[in-house]
Amino acid sequence: MTVKLETIGLGMQYKRQRDGSRFVALADVNVRVEDKTFVALVGPSGCGKTTFIKIVDGLIKPTSGRMLIDGKPVRGPGNDRAMVFQEPCLLPWRSVFHNVMYGLECQGRDDDASRKRARDLIRLVGLGNFESNYPHELSGGMQQRCNLARALAVDPEILIMDEPFAALDAQTRELMQDELLRIWKETRKSVLFVTHQINEAVYLADQVLVFSSRPGSIRDVVNIDLPRPRPLAIKRSAKFLEYEDRIWAMIESEARQTMQEEVLS
Amino acid sequence: MAESHIDEAIGDERPRRWPARFYLKHEKKILGTLTVVVFITIWELAGSVWPVANPIFLSSPSRVWHAGVQLYQSGKLLHHLYVSGVEFFWGYFLSILVGVPLGIALGWYRRFNYSFDPFLNALYAAPVVAFLPLLVIWMGVGIASKLTLIFMAAIFPIVMNARDAVKTTPGALIEAARSFQASQYKIFKTIVLPSAVPFILAGLRLGAGRALIGVFVAELYIAQAGVGQMIAEAGATFNTDVVLVGVVIFSIVGMITLELLTQIERRFDKWRPHPGGRV
């Protein structure tokens, strides 16, 4: 398998506005994402997961380290990556169709082929009957479907997803996970998926990167050896639960610590 | 237009007689009309049937109406209206023409905004009409000084609203656009401008009110004609009826302007949810 994305010694430091002291958000993050695999990032809240993928997407520049895509160094956003944001970030004044077209328009690809592609993707994510609806007329799950279609429309090689289902209710969330695997199977992208739900990470991913916080870095890599396609019922299998337990054990102490600090401060 | 009443539950189909149904359907209009009618009736009765106060001070709706009709028939009313209308239109129009782009530029270019912030704040807070004596010294008593005053009165709320509208563009949307490598121009056109429209229109509403104040004050001070001048002259001669004719004209012009803005807003507004309906 070829390596699609690689980060070498990626680090990010901020200066605190308050007292000018340094705050290390990420330190020495080394990640390899193999082509067409699904990689999930889990970790306690505030561990720098979102900072990391924003660097990967090119929205922020790291203070140290390098990032390679197909072995070539990259800086800044590019056609080869697209992001599905946590909040759907749809333009409220555009219909579903024109939202899905948005990324293509931004990249100057507003032609008939693109329009057809947008329509196909809207159907693929199950919004075929809602092309001309505005975002406020859609449920949270439908908004995320639209958000996903918009990212897929630019045909990225790497799809970056930042806790896309965090705002959904539990049932919708499960179903959307299932949907995502179906869509992924049909489009076959390399995926970088951030979540704080271990269950979600194990269910979706080929490989789970466990983040630890302060400073954010990769604590462990867990390869998920579960057969695909994965029915939702797989979440109750012994092997699944074992993975879940293992990852939770890695995160638990840190999550507790974070929680206590939050209470104390 | 979105109605503000909650959809009736299907189960709640109690038979109602037609007056009740008619009332529920037009509740907003009926109640609004009713209070206006009651107000006018009481005013009329207070002025003529039970003389609570001297009609010189209180006037009455019928006297205002007669004064209005008389002024109209003599041709004076149309002349005043024309003079004031021209001032209002050009003053307000120019303030929009300059104010909206200026506000957008101030919101978009940070340093530009830093540079002009002190002036804007000072002029926004100051009563612009205080400049009137100076304007007269500079430009005389012709239409130029009046237009300038109206322009100055209206432009600040327009600029401030346009500026803040651009400044408060949702950052998440801009980030999404950047993620798709949108150019600055594309971000401006597809995100900043559409999200600013409702706030810019709110600024235009405030500006319309200010412009009318500008018209009135300018005419109070330096005019041979105009609705404001008519009010001033009538006031000086205790002609309450004519004063009130002028007040009514000002409110009608204001209401028409706001209604036009509402119509414009509706064209840009299809995409917005209307929780609880529109007022």
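**Backbone and cysteines**

Reply: A:R188 is partly exposed, with a relative accessibility of 37% (buried means under 20% relative accessible area, exposed over 50%, partly exposed in between, with a 1.4 Å probe and protein chains only). This is a predicted model, in which local features need pLDDT of at least 70 and side-chain atom pairs count only at pLDDT 80 or more, while totals for chains, interfaces and linings use all residues. Residues are numbered from 1 along each chain as its sequence is written, chains are lettered from A and ligands numbered from 1 in the order in which they are written, and side-chain values use heavy atoms, with hydrogens and water left out.

A:R188 is not a glycine, yet its phi is positive, about 50°. In chain A, the loop between α5 (170-187) and β8 (190-194) holds A:R188; helices (H or I, at least four residues) and strands (E, at least two) are DSSP runs, numbered from the N terminus.

B:Q181, also not a glycine, has a positive phi of about 60°. B:Q181 lies in the chain B loop between α9 (171-179) and α10 (184-222), and is partly exposed at 25% relative accessible area.

A cis peptide bond joins A:R228 to A:P229, with omega near -5°. A:P229 sits in the loop between β10 (217-223) and α7 (238-264) of chain A.

Now the cysteines. Over all chains there are zero disulfides (pairs of cysteine sulfur atoms within 2.5 Å). A:C89 is in none, and the nearest cysteine sulfur, that of A:C146, is 12 Å away. A:C89 is buried, at 10% relative accessible area. For A:C106, the closest cysteine sulfur is in A:C89, 13 Å away and too far for a bond. A:C106 is buried too, with 11% relative accessibility.
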